[in-house]
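Please read them with the coordinates open beside the text.

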Amino acid sequence: MSSRDAIANPIPADAGIGLRGDHYRRVDAERPNVAFLEVHSENYFGRGGVPHYYLERLGTRYPLSFHGVGLSLGSTDPLDENHLDRLRELEQAYRPALVSEHLSWSSVGGVFTNDLLPLPLTLESLDHFSRRVDHVQSRLGRRLLVENPSTYLELTDSRIDETEFLNTLAARTGCGILLDVNNVFVCATNHDFDANAYIEAIDADSVAEIHLAGHVENRFDGGTILIDSHNRPVCDAVWKLYRHALAYVGPRPTLVEWDSDLPALDELLDHAAHARALLEEHRAVAA
Amino acid sequence: MPVPCWKNTVPSLREFQTRFVTSLFDDDPPGEELAMGIQENGLSATRRLAIYRNNLLASLTESLGDTYPAIRALVGDDFFRMLARRYVRKHPSRSGDLHAFGEQFESFLAGVDEAASLPWISDLARLEWLYHLVFHAAEETPLDVAALACIEESDHDRVVLRLHPASALTWSRFPLTDIWRLGIHGDEGSATVDLDAGPAYVLIARRKLEMTFQSLLPAEYAFVEAMTAGRALVDCAAAAFEVDGEFALGAFLGRQFALGNITGAELADRD
């Protein structure tokens, strides 16, 4: 690990789990051996109650990662400064090790879809997105990680490869990249490109975290679309792509995401243990 | 390299986003211009957009159901999905924070013809929305009743009590908390509710981590309502006495402190 990684990454290159309400009690009681806990920032936009009670307790035991889904970075609406204010308050209260958002947009004209919508990858959108990331980083006074999303359509208007878009964004703004290996796999299938080549093209030094997740397959007449559903185990092909990412990008803090049809904590921990085993295997081979 | 002439018609980012979101809320197939901007690559633009349309509806329906679990259980998943579908179009989400979504469900339900046979449903929506707000409201340390002893007797008329911020007041002509319990616990409790067993006056309260419904008498409701308006203790008491001349002020106040409902006592300025 380079010295730059050591500074940029207060979380070790080890496996973490998403912290969800259904698991609060058990995680608090059992303190499982995971490297970090990741939460959706917006789930803590309330002022008190159960979510903050557990996050305060667990935040003293584990490094935290705040993963945002609602900032609508790519939108042409003005950034929601109230949203950003609340994120800043939370950042200052909990001092998470990582703060991340998505290369997407979710709102226009004040209407929110609360989904991660595909951004045309153009010089116009790159300028726009860079300015927004600059603004967020200056308001938060820290580095933001930007995640590659799953998409279900490509826009003819897009002129820049997603890897080039992310690499340039990182170079311009100093933001990090959250490499979601499942999203790479989903997009590679949906848009018929080489997932390995995507991993090889991403700027490894900028990647500060890796996500893994499960997806579902939707069959249409003649076609298949993968949907990033976060509701099932990580499939073998995505584990394989993760190994490829470890080889090309290097070991990074790795999160297994699971948001709906949440399994028992043990199954989630098994997944984290598998990611950890692959990280260790990578180190053994690299040594 | 010459720019192809169609390039001039490629929508700017703003126009693209406006068209895209409009199409997600529209059941008709997208217009030609939007379809032109989507690579079909084995699957039609309409089909591809439908994935986003379904995701939008599914996630907002789930969010609405998480906020209104009793209504969802009582009306059933199919009817709830129909309600959510209409609600999303009429009152789309206005925030990147999904906790803010669903505030108008009470007023929306009042206008749903198919729900007219469920006269309690709007009141239950109000209860569940307030429950949701109280669940996420700020924590505050309850005040010990001994603090009142420090106040000079000459100042008693200008004492203002502060209600715990994780509190909300509502009432209904129906037995609202019984209906809520039926929805949440289903067959575990009594499987039917006597709709004539109302009215219900309820303080929804979170004390430490526990959500509770405190059942109030009409005079007590009047007292707490005046307290939430920031009125002085004497005025709150007067509001309660107006409803019930026999209102037992001392016992009621003692109970409010014991329940942790009071988090502050200040002296209002003299007029």
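The points below go from conventions to the barrel, the helices, the hairpins and the contact between the chains.

1. Conventions. This is a predicted model, in which local features need pLDDT of at least 70 and side-chain atom pairs count only at pLDDT 80 or more, whereas totals for chains, interfaces and linings use all residues. Residues are numbered from 1 along each chain as its sequence is written, and chains are lettered from A and ligands numbered from 1 in the order in which they are written.

2. The barrel of chain A. A closed barrel of eight strands runs 1-2-3-4-7-9-10-13 in chain A, with parallel pairing; strands (E, at least two residues) and helices (H or I, at least four) are DSSP runs numbered from the N terminus, and two strands pair if DSSP finds at least two bridges between them. From one strand to the next the twist averages 30°, where angles run from 0 to 180 degrees between N-to-C directions and axes are lines fitted to C-alpha atoms, for helices over the stretch in contact. As one example of the pairing, strand 2 (residues 37-40) of chain A and strand 3 (residues 64-67) of chain A run parallel and are joined by four bridges, with Leu37(A) opposite Leu64(A). Helix 10 of chain A packs on the sheet, where it touches strand 1 (15-18), strand 10 (207-213) and strand 13 (254-257) of chain A, and its direction makes about 155° with that of strand 1 of chain A; contact here requires that the C-beta atoms of two residues, placed from the backbone, lie within 7 Å.

3. A residue of strand 1. Ala15(A) lies in strand 1 of chain A and counts as buried because it has 25 C-beta neighbours inside 10 Å; the cut-offs are 20 or more other C-beta atoms within 10 Å for buried, 12 or fewer for exposed, and partly exposed in between, with C-beta atoms placed from the backbone. Leaving aside residues up to four places away in sequence, Ala15(A) touches Val34(A), Ala35(A), Thr254(A), Ala272(A), Ala275(A), Arg276(A) and Leu279(A).

4. Helix 9 against helix 10. The axes of helix 9 (residues 236-248) of chain A and helix 10 (residues 265-286) of chain A come within 10 Å and cross at roughly 40°. That makes helix 9 of chain A oblique to helix 10 of chain A, given that angles under 35 degrees count as roughly parallel, over 145 as roughly antiparallel, 65 to 115 as roughly perpendicular and the rest as oblique. Tyr242(A), Arg243(A) and Leu246(A) of helix 9 meet Leu278(A), Leu279(A) and His282(A) of helix 10.

5. Hairpins of chain A. Strand 5 and strand 6 of chain A pair in the antiparallel sense over three bridges, with Val108(A) opposite Val111(A), and in their hairpin, which has two residues between the strands, Gly109(A) takes a positive phi near 60°. Strand 6 of chain A is mostly covered, since six of its seven residues are buried. Strand 11 (residues 216-220) of chain A and strand 12 of chain A are likewise antiparallel, over five bridges, with Asn218(A) and Ile225(A) as bridge partners; in that hairpin, again with two residues between the strands, Gly222(A) has a positive phi near 90°.

6. Strand 4 of chain B. Seven of the eight residues of strand 4 (residues 200-207) of chain B are buried, so this strand is largely enclosed by the rest of the structure. Six bridges join strand 4 of chain B to strand 3 (residues 167-172) of chain B, in the antiparallel sense, and Trp171(B) has Tyr201(B) as its bridge partner. Six bridges also join strand 4 of chain B to strand 5 (residues 210-215) of chain B, again antiparallel, with Ala205(B) paired to Thr212(B). In the hairpin of strands 4 and 5 of chain B, Lys208(B) takes a positive phi near 55°.

7. The contact between the chains. Chain A contributes 44 residues and chain B contributes 40 residues. Strand 6 of chain A gives the most to the side of chain A that touches chain B, with six residues. Strand 8 of chain A and strand 1 (residues 38-39) of chain B run antiparallel and are joined by two bridges, and Leu155(A) has Ile38(B) as its bridge partner.
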